[in-house]
Amino acid sequence: MGYPIIERRRVLAAAALGREPGVPGPDNPQESGEAGGGPLRAVAGEILDISPHLIIIETPEGVQERLVIAPWATAWHGGDVAPAGLPVGSMVMMRTLREGRVVERIWADTTRITGTIQSIDGRKDLTVELDCGPHRGHRTVVIPYRASGRLQVRHPKFEPGYLFDAIGLRQEGASQALLPATSQPPYPARAVPPPPPAYAGVQQRIAGTATWSDTFDEEERGAAYPMLERSDTGCADAGVSCAGLPYLALGSLLQIRNVCSGRSANVPVVACGCLAGRFCDRCVECDTSPRGRIAELSPYSYVELGGDLVKGCFNAQIGLG
Amino acid sequence: MTRVLESQLPILVVLLGLGTVAKIVTVRSGGEPGALSRLGPAVLMPGRLQAPALLLCAAVEAVLAAGLALGTHPFFRWGTAAFFAMSTYVLLELRRRRPDAGCGCFGEVSSAPVGLRSIARTVVLTGMSVVSVWAPVTGWTAATGMSWLTAAGVLVLAALSPEIEELLDRVRYRAPCEQRPGPAESATLARLRASGPWRAHRHELTSAEPYDSWRELCWRFFAFRNQQQDDVVFAVYLSGRRPAVRMAVVSGEDSGSSLPEYSPVSA
């Protein structure tokens with residue numbers, strides 16, 4: 001089943017039910033800038049040259065772009081650094097203003113490591129093997145000794161079978177976990193608690209936490225959604241969530257609102273979020289969200305909704321776009 | 001007097017049978033692994049033995065039910081009495097050691113924490129099975145000549161069963177259709193083929209098998225092609241015995257602001 005068919009589902013479903021098909025992208029661009037600063041755009045690429053005021057990158061299409069670094073801009077590369085201190089050659093994701101010309105925040109070589117712990121080896125630097133779900137395979141990450149204490153405080157069950165979620169750096173082909181992205185759920189990955197009892201009557205908006213993952217295609221704007229029918233997706237782990245989500249399909253349009261920044265966008269469901277559904281955690285980015293991950297966004301969508309990659313989540317509401 | 005002795009046999013057979021079926025269904029449907037860890041005697045077992053323990057329990061119940069229904073051998077009669085006496089002890093132990101766990105007597109329907117009513121029920125069942133030990137006829141024969149004593153037994157057990165309230169609550173407060181796992185795709189396709197819109201448009205389609213099918217909220221969609229290579233999409237509501245069916249024809253080049261060619265119709 002190819003992408004054209006999945007994208008067409010939205011048009012066909014809208015025609016059959018007599019509703020508007022909806023358009024992916026930010027909602028009401030004029031209003032979405034209520035947090036200040038107008039619409040955001042995510043730009044990614046490899047640094048060719050950087051100075052305190054200017055960054056030159058090569059985008060994934062191979063185009064060189066010159067962007068102005070705002071005076072208030074900050075950068076992250078394993079820790080907060082000055083933008084000019086970023087190494088040439090690193091892959092950056094940037095939050096930009098003014099049609100993608102002015103850089104406000106830079107994340108360099110940032111990766112997110114989410115999965116179920118398979119094995120842990122090592123004495124000082126730990127090597128952790130993770131199962132990242134049926135679509136993403138296995139991944140091996142290194143936890144340097146200096147970060148292991150900080151990670152284990154938020155991951156008290158540091159043993160096989162439990163979930164792991166951290167943010168780190170991608171360096172020389174290997175991933176280093178540096179910061180915990182959440183408080184580890186206390187249950188084993190295969191024992192997700194049931195959603196709270198739901199009563200008849202459709203909820204218009206569902207609240208929870210929205211996270212990001214770097215396992216999407218480059219420049220893809222989309223989300224992985226946990227509540228998909230197992231028979232439609234061929235994913236035996238789908239359809240699990242503790243947030244009381246409605247069933248949707250690949251190709252459905254989700255309206256996601258970042259409660260913290262006030263921005264909202266229509267994001268298509270492009271992947272099965274079977275791993276996100278296993279996390280029954282909260283986001284405390286701007287308030288305490290209800291439990292459960294409602295969407296796992298691609299980095300582009302996440303940044304354009306005003307999320308900070310290093311914080312790992314934002315409080316979100318979803319509706320059907 | 002003999003009518004008294006055999007009066008409770010049919011109840012025991014039916015309850016043991018129900019228990020077997022409910023336990024097997026619970027293990028088969030499984031839900032999430034870990035769901036069993038909140039149920040029944042299985043909770044007292046280590047994780048990997050929980051499903052086998054529940055199945056073993058179901059097998060014992062099935063054997064006892066068959067023995068009571070078809071024979072008069074004292075082994076099954078005393079076995080049933082011993083089974084319920086042991087269940088009483090297990091429930092007491094469960095209540096003491098895991099007050100949060102359900103009894104699992106009827107699979108996951110019995111997920112409410114073990115209360116005095118569940119324990120009283122196994123005591124009553126033990127009493128019934130002891131009375132039935134000396135019944136002269138098989139359970140099958142007893143079922144053909146039921147008396148008011150049987151009805152009284154059913155009433156007592158119904159009053160002691162928290163599962164009945166649980167089932168009523170589930171019917172009254174069902175999760176909305178959007179959040180329930182839907183029926184199988186083939187079952188929905190069969191409903192579509194029994195509907196009026198399908199019969200009206202069947203002859204236009206190039207193939208009776210959909211090229212794409214997906215579920216969104218409470219609708220399942222089936223996409224077909226017609227002879228002009230346009231997309232014909234049917235939407236079937238997933239709830240109800242004669243569900244609403246809608247259809248639209250979308251031209252092949254259309255990729256956005258489409259208007260349905262036919263007005264929505266329902267079956």
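Mentor: One term before we start: pLDDT is the predictor's confidence in each residue, from 0 to 100. We need that here, as this is a predicted model.

Trainee: OK. What does chain B average in pLDDT?
Mentor: The mean is 80 for chain B, and 88% of the residues score at least 70.

Trainee: Where in chain B is confidence lowest, and where is it highest?
Mentor: The lowest is helix 1 of chain B, residues 2-6, with a mean of 73. The highest is helix 5 of chain B, residues 116-132, at 90.

Trainee: And which residues of chain B stay under 50?
Mentor: Residues 256-267 of chain B do. The model has 26 contacts beyond four places in sequence for that stretch.

Trainee: How is chain B divided?
Mentor: Into domain 1, residues 2-174, and domain 2, residues 185-250. The C-alpha centres of these two domains of chain B lie 44 Å apart.

Trainee: Switching to sheets. In what order do the four strands of the open sheet in chain B come?
Mentor: The order is 1-2-3-4, and the pairing is antiparallel.

Trainee: Which strands of chain B stand at the edges, and why is one side of each left without a neighbour?
Mentor: Strand 1 (212-216) and strand 4 (245-250) of chain B. Each has a single partner strand, so one side of each has no neighbour in the sheet. On average, neighbouring strands of this sheet are turned by 20° against each other, direction ignored.

Trainee: How many bridges pair strand 2 and strand 3 of chain B?
Mentor: Seven, in the antiparallel sense. Strand 2 of chain B covers residues 219-225, and strand 3 of chain B covers 231-237. Look at B:W219: it stands opposite B:Y237 in strand 3 of chain B.

Trainee: Which helix packs on that sheet?
Mentor: Helix 9 of chain B, residues 185-193. It touches strand 1, strand 2, strand 3 and strand 4 of chain B. Its direction makes about 70° with that of strand 2 of chain B.

Trainee: Over to chain A. How is chain A divided?
Mentor: Into domain 1 (40-108), domain 2 (111-180) and domain 3 (202-320). The C-alpha centres of domain 1 and domain 3 of chain A lie 26 Å apart. Their contact takes twelve residues from domain 1 of chain A and 13 residues from domain 3 of chain A.

Trainee: Which strands make up the closed barrel of chain A?
Mentor: Five strands, running 8-9-10-12-11, with mixed pairing. Neighbouring strands there are turned by 55° against each other on average, direction ignored.

Trainee: How many bridges join strand 11 and strand 12 of chain A?
Mentor: Six, and the two strands run antiparallel. One pair to find is A:G168 and its bridge partner in strand 12 of chain A, A:A177.

Trainee: Which strands does helix 2 of chain A lie across?
Mentor: Strand 9, strand 10, strand 11 and strand 12 of chain A. Helix 2 of chain A, residues 145-154, runs at about 50° to strand 12 of chain A.

Trainee: Let's do single residues. Is A:Q184 buried or exposed?
Mentor: Its relative accessibility is 8%, and buried means under 20%, so A:Q184 counts as buried. A:Q184 sits in the loop between strand 12 and strand 13 of chain A.

Trainee: What does the side chain of A:Q184 reach?
Mentor: The backbone oxygen of A:K157, at 2.9 Å. Beyond four places in sequence, A:Q184 is in contact with several residues, among them A:I117, A:R154 and A:Y162.

Trainee: And A:E296, buried or exposed?
Mentor: Buried, with a relative accessible area of 1%. A:E296 lies in strand 17 of chain A, residues 293-297. The side chains of A:E296 and A:R136 are joined by a polar contact of 3.0 Å. A:E296 also touches others, including A:W212 and A:F216.

Trainee: Last one. How many residues of strand 15 of chain A are buried?
Mentor: Five of its six. Strand 15 of chain A forms a hairpin with strand 16 of chain A, with five residues between them. In the turn, A:G262 has a positive phi of about 80°. Five bridges join the two strands, which run antiparallel. A:L253 has A:P268 as its bridge partner in strand 16 of chain A.

Definitions and conventions
Residues numbered from 1 in each chain as written. Chains lettered and ligands numbered in written order. Heavy atoms only, no water. Contact = heavy atoms within 4.5 Å. Domains from an automatic or database assignment. Pairing = 2+ DSSP bridges. Axes fitted to C-alpha atoms, helices over the stretch in contact; angles between N-to-C directions. Buried < 20%, exposed > 50% of the residue type's maximum accessible area, 1.4 Å probe, protein only. Polar contact = N/O pair within 3.5 Å; in protein donor to acceptor, adjacent residues only side chain to side chain.
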